[in-house]
Amino acid sequence: METVLLYLGYFFVSLGAAFLFLGAFGIFRMPDFYTRLQAGTKSSTLGAMSLILGVGLMQPEWFFKTVIIIIFIAISNPISSHALARGAYKTHQKPLTDTIDAYEEVTEENKNKNEEE
Amino acid sequence: MENVSNISKLFYTWIILFIVWLAFTSTLAIEEVVTGLLVSLIVALLSFRFFTGTGLGIFAPKKIFYLIQYFFVFIGALIKANFHVAKIVLSPKLPINPGIVEFETKLKSDFAKMVLANSITLTPGTFTVDIVENRFYIHWLEVSVTDEESVYKEIAEGFEKILLKIYE
């Protein structure tokens, strides 16, 4: 049983490391801020989660603590990436796009409203 | 779900904090459990007003069933999308088509909207830029459709169907 858990742990840690590498590689390859944010924060969610889960499987007495850490990552990670994206847009960082930017009209409307006031 | 009594909120907070305590100590020794009950009661008394919007109603068996279903739907979407983004990053041509799309949600409570936005953000390839009342603005790595209906179907429908049953 213990060896099974150990090898499962190895598997999850390697998977996590691979996804974290892909996240870093994505930051290097993507063309603009928002797409880099996609690669950097997202590939790494599964990366960090499965790495920590792997550690929890290798050390069964830590298992529940690692589950708590995973839940905290799942709660805090999206909030930070959302804050970064919104902050970037508010400081006029235009997204690179060929198709659609639906958010633009909202910020324009707000700007006009503020000027009227 | 607007008027949740304070007692219900307090007990909900107490239970959740106590579960976290049990997970951290990983033991059922009597002194640990008693200390945990006391400490989590004190913290719950200080923080229950801000901790939850739902109260004990969330522990109804039907809702627990949907919460578990949501968990599996979410994990499935997370893994699928992670492999998808990994494929994009590794392919030499970098086949991306980024853009910001919008759709309208049927969810009413703020907490449910937050859960939906966080789920969308955690699934790679999409993240929530902003929520204005009930419109979501989503940055999408591979825009395949731009009209609201199909965007909603593509990104949010799977999550929202279950969230509507849990929170509304």
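**View 1. Helix α5 of chain B holds B:E148.** This is a predicted model. The helix spans residues 148-155. B:E148 is partly exposed, at a relative accessible area of 33%. Setting aside residues up to four places away in sequence, B:E148 touches B:E102, B:F103, B:E104 and B:R135. B:T128 lies 20 residues from B:E148 in sequence. The C-alpha atoms of B:E148 and B:T128 are 15 Å apart.

**View 2. A network of salt bridges links B:E102, B:E104 and B:R135.** B:R135 pairs with B:E102, and the closest N and O atoms are 3.1 Å apart. This pair links distant parts of the chain, with B:E102 in strand β1 and B:R135 in strand β3, 33 residues apart. B:E102 and B:R135 are both buried. B:R135 also forms a salt bridge with B:E104, and here the closest N and O atoms are 2.6 Å apart. Strands β3 and β1 of chain B are again the two partners' locations, with B:R135 and B:E104 31 residues apart. B:E104 counts as partly exposed, at 38% relative accessibility. B:E102, B:E104 and B:R135 are also among the residues that B:E148 touches.

**View 3. A salt bridge joins B:D130 to A:R86.** The closest N and O atoms of the two side chains are 3.1 Å apart. B:D130 sits in strand β2 of chain B and A:R86 in helix α3 (residues 63-90) of chain A, so the pair joins two chains. A:R86 is partly exposed, with a relative accessible area of 32%. The count between chain B and chain A is one salt bridge. Over all chains, the structure holds three.

**View 4. Chain B meets chain A through 41 of its residues.** These are in contact with 40 residues of chain A. The area buried between the chains is about 3500 Å². Carbon and sulfur atoms give 71% of that area. In chain B, B:V89, B:I100 and B:F127 lose the most area to chain A, together 18% of what that side buries. Eight residue pairs are in polar contact across the interface, with both residues at pLDDT 80 or more. On the side of chain B that touches chain A, the elements giving two or more residues are α1, α3, β1 (99-104), α4 (110-122), β2 (126-132) and β3 (135-140). Helix α3 of chain B gives the largest share of that side, nine residues.

**View 5. A nonpolar patch lies on the surface of chain B.** Its members are B:I7, B:F11, B:I15, B:I19, B:L56, B:F59, B:I64, B:I68, B:F71 and B:F72. Together they have about 900 Å² of accessible area. Helices α1 (6-25) and α3 (61-90) of chain B each supply at least two residues of the patch. B:F11 lies in α1. At 36% relative accessibility, B:F11 counts as partly exposed.

**View 6. Helix α6 of chain B has buried residues that pack against other helices.** The helix covers residues 157-167. Its buried residues are B:F159, B:E160, B:I162, B:L163, B:I166 and B:Y167. They pack against α3, α4 and α5 of chain B. Of these, α5 is the helix that holds B:E148.

How values were computed:
Residues are numbered from 1 along each chain as its sequence is written. Chains are lettered from A and ligands numbered from 1 in the order in which they are written. This is a predicted model: local features need pLDDT of at least 70, side-chain atom pairs count only at pLDDT 80 or more; totals for chains, interfaces and linings use all residues. Side-chain values use heavy atoms; hydrogens and water are left out. Patches are made of residues with over 30% relative accessible area and no salt bridge: like charges are joined within 9 Å, nonpolar side chains (Val, Leu, Ile, Met, Phe, Trp, Tyr) within 5 Å. Accessible areas come from the Shrake-Rupley method with a 1.4 Å probe; for residues, only the protein chains shown count as cover. A salt bridge is a side-chain nitrogen of Lys or Arg within 4 Å of a carboxyl oxygen of Asp or Glu. Helices (H or I, at least four residues) and strands (E, at least two) are DSSP runs, numbered from the N terminus. Buried means under 20% relative accessible area, exposed over 50%, partly exposed in between (1.4 Å probe, protein chains only). Contact means heavy atoms within 4.5 Å. Buried area is the accessible area (1.4 Å probe) that two parts lose on being put together, summed over both. A polar contact is a pair of N or O atoms within 3.5 Å; within protein, one must be able to donate a hydrogen and the other to accept it, and residues adjacent in sequence count only if both atoms are side-chain atoms.
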